[in-house]
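Keep the viewer open as you read.

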Amino acid sequence: MKAIWKGTVIAESSETKIVENNYYFPPEDIKDKFFKPSEFTTRCPWKGKASYYDIEVDGEKNEDAAWFYPEASHAAKPIENYVAFWKGVQVTE
């Protein structure tokens, strides 16, 4: 699977995991240069507290467009630190 924003592949993996119709990419398969830590957080009742990244490509920023669970709940441990996308990031084969 590939995650693409603004025509640029920002993550690519054959080891994604699907949870609630979202593809989660292993942290080692995201291209770090496009990801900047965000202060934004949310809480999922069963996965725990989510942290976010801003995505930056060619000087354009997509705020809080990627999220992950740094300390996932027991039920969500298989996706701990895996990264998922929204806000216009296309995930495709």
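Start with strand 1 (residues 2-5), which runs antiparallel to strand 9 (residues 90-92) and is joined to it by 3 bridges. Strands here are DSSP runs of E, at least two residues long, numbered from the N terminus, and two of them pair if DSSP finds at least two bridges between them. What you have on screen is a predicted model, where local features need pLDDT of at least 70 and side-chain atom pairs count only at pLDDT 80 or more, while totals for chains, interfaces and linings use all residues. Residues are numbered from 1 along each chain as its sequence is written, and side-chain values use heavy atoms, with hydrogens and water left out.

Back to strand 1. Opposite Ile-4 you'll find Gln-90 in strand 9. Strand 1 also pairs with strand 2 (residues 8-12), again antiparallel, through 4 bridges, and there Ile-4 has Val-9 as its bridge partner. Strands 1 and 2 make a hairpin with 2 residues between them, and Lys-6 in the turn has a positive phi of about 55°. As for its faces, strand 1 has Ala-3 and Trp-5 on the covered one, Lys-2 and Ile-4 on the uncovered one.

At 42% relative accessible area, Glu-12 is partly exposed (buried is under 20%, exposed over 50%, partly exposed in between, with a 1.4 Å probe and protein chains only). Leaving aside residues up to four places away in sequence, Glu-12 touches Met-1, Lys-2, Phe-25 and Asp-29, where contact means heavy atoms within 4.5 Å.

Now for the rings. Phe, Tyr and Trp (its six-membered ring) pair if their centres lie within 6.5 Å; planes under 30 degrees apart are stacked, over 60 edge-to-face, and the rest tilted. That rule gives 8 aromatic pairs. Tyr-24 and Trp-67 are edge-to-face, because their centres sit 6.1 Å apart with the planes at 90°. This pair links distant parts of the chain, with Tyr-24 in strand 4 (residues 22-24) and Trp-67 in strand 7 (residues 60-68), 43 residues apart. Tyr-24 is buried at 1% relative accessibility, and Trp-67 is buried too, at 8%.

Phe-35 and Phe-85 pair as well, but tilted: 6.1 Å centre to centre and 55° between the planes.
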